[in-house]
Amino acid sequence: MNHRTYFAPMLVENGFADAMVSGLTNNYPNALRPAIEVIGRKENASLVSGMYIINTKEGPVFFSDCTVNKNPTAEQLVEITLQTAYAIKQFNLEPRVALVTYSNFGSNQGRIPDMAKEAVKILHRDHPDLVVDGEMQANVALNTELMEENFPFSKLVGGPANALIFPYLTAGNIAYKLLQEMGKFEVIGPVINGMNKSVHILQMGSSVQEIVNMVMVAVIDAQCVQHRENETR
């Protein structure tokens with residue numbers, strides 16, 4: 001308890017604080033691991049995932065998983081997708097989710113497209129109300145005209161995706177860092193999904209504005225946690 005990375009989550013776990021934001025001077029694993037040990041995942045969660053919010057002129061786009069799960073299975077991609085959709089709804093937005101790879105609906109064969117395709121199959125079967133599709137390339141997911149012209153059968157026809165689920169950590173991590181540095185987009189995250197309480201990790205060396213943005217996300221998440229706990233009482 002003498003180390004702040006354990007003391008902070010213990011304050012949250014015991015109700016002395018509602019949310020925790022950490023990681024400004026620690027590397028990511030060292031900031032996240034104590035929170036998982038002390039607070040843990042949601043009761044029905046088998047994993048936690050990392051999500052970034054990319055603020056664009058057209059609105060926010062959510063990237064998952066960019067920071068936690070290195071090589072998820074199809075079943076884990078399903079859970080990451082559902083965690084992302086739940087988080088998007090916290091911001092009063094309707095999730096429109098694309099599982100992105102190098103293939104468009106079977107145009108290229110390989111382990112990664114097959115895995116994404118299997119995850120989408122499970123999602124369509126078990127969560128028919130969720131607007132999700134794939135496997136598809138990222139430009140197709142974000143280009144409404146391209147989608148409607150070439151894949152009119154997709155559940156995403158009618159508007160661009162606002163959430164991209166990456167098939168493995170390397171792809172997601174590279175994607176958001178390129179946008180952050182070359183596109184100069186405002187990037188908020190990583191938002192940690194799947195935790196039992198509001199816990200979020202900053203990038204090392206985050207700016208004051210990035211810290212403020214993350215605190216706002218943590219507060220929204222803490223309110224949702226409180227609402228969920230009140231419903232179960």
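Predicted model: local features only at pLDDT ≥ 70, side-chain atom pairs only at ≥ 80, totals over all residues.

User: How do the residues of the lining of the largest cavity divide?
Analyst: They divide into four nonpolar, three polar and one charged. Here Ala, Val, Leu, Ile, Met, Phe, Trp, Tyr, Cys and Pro count as nonpolar, Asp, Glu, Lys and Arg as charged, and the others, Gly among them, as polar. Residues are numbered from 1 along each chain as its sequence is written, and side-chain values use heavy atoms, with hydrogens and water left out.

User: Okay, and what counts as a cavity?
Analyst: Take a 1 Å grid over the protein atoms alone: a cavity is a set of points where a 1.4 Å probe fits but cannot get out, whereas a pocket is an open set with protein on both sides within 12 Å along at least five of seven lines. Lining residues have an atom within 4 Å of a point.

User: How much space lies in the largest cavity?
Analyst: About 40 Å³. Volume here is the space filled by probe spheres set on the grid points, which are joined across faces, edges and corners. The count comes to one cavity of 30 Å³ or more.

User: Which residues line the largest cavity?
Analyst: Val187, Ile188, Gly189, Leu202, Gln203, Ser206, Glu210 and Met214. Two elements give two or more residues each to that lining, strand 7 (186-193) and helix 8 (208-232). Strand 7 gives the most, with three residues. The elements are DSSP runs numbered from the N terminus: helices are H or I with at least four residues, strands are E with at least two.

User: Now pockets. Which residues lie nearest the centre of the largest pocket?
Analyst: Thr56, Gly59, Val61, Leu142 and Ala161, out of 18 lining residues. The space in that pocket is about 390 Å³.

User: And which elements supply at least two residues of its lining?
Analyst: Strand 2 (49-56), strand 3 (59-64), helix 5 (138-142) and helix 7 (169-182) each do. Strand 3 gives the most, with four residues. By class, the lining has 14 nonpolar, three polar and one charged residues.

User: What about the second largest pocket, how much space lies there?
Analyst: About 340 Å³. Its lining has 22 residues, and Lys42, Leu82, Gln83, Tyr86 and Gly194 lie nearest the centre. Helix 3, strand 7 and helix 8 each supply at least two of the lining residues, and helix 3 gives the most, with six. The classes are twelve nonpolar, six polar and four charged.

User: Let's stay with helix 3. At what angle does it pack with helix 4?
Analyst: Helix 3 (residues 74-90) and helix 4 (residues 111-126) pack at about 55 degrees, and their axes are 8 Å apart. That makes helix 3 oblique to helix 4. The scale is this: under 35 degrees counts as roughly parallel, over 145 as roughly antiparallel, 65 to 115 as roughly perpendicular and the rest as oblique. Axes are lines fitted to C-alpha atoms, for helices over the stretch in contact, with angles running from 0 to 180 degrees between N-to-C directions.

User: Is the crossing of helix 3 and helix 4 left-handed or right-handed?
Analyst: Right-handed. That label applies if the near helix is turned clockwise from the far one by less than a right angle, and left-handed if anticlockwise.

User: Which residues make the contact?
Analyst: From helix 3 come Ala74, Glu75, Leu77, Val78, Thr81 and Leu82, and from helix 4 come Met115, Ala116, Glu118, Ala119, Ile122 and Leu123. By class, this contact has nine nonpolar, one polar and two charged residues. Contact means heavy atoms within 4.5 Å.

User: How far apart are the axes of helix 1 and helix 2?
Analyst: Helix 1 (residues 4-13) and helix 2 (residues 28-38) have axes 9 Å apart and pack at about 40 degrees. Helix 1 passes helix 2 in a right-handed crossing. Thr5, Tyr6, Pro9, Met10 and Glu13 of helix 1 meet Asn30, Pro34, Ala35, Glu37 and Val38 of helix 2. Those residues divide into six nonpolar, two polar and two charged.

User: Last topic, the backbone. What joins Ser64 and Asp65?
Analyst: A cis peptide bond, with omega about -25 degrees. Asp65 sits in the loop between strand 3 and helix 3. Another cis peptide bond joins Gly134 and Glu135, with omega about 5 degrees, and Glu135 is in strand 5 (residues 131-136).

User: Where is Asn92 found?
Analyst: In the loop between helix 3 and strand 4 (96-100). Asn92 has a positive phi of about 60 degrees although it is not a glycine.
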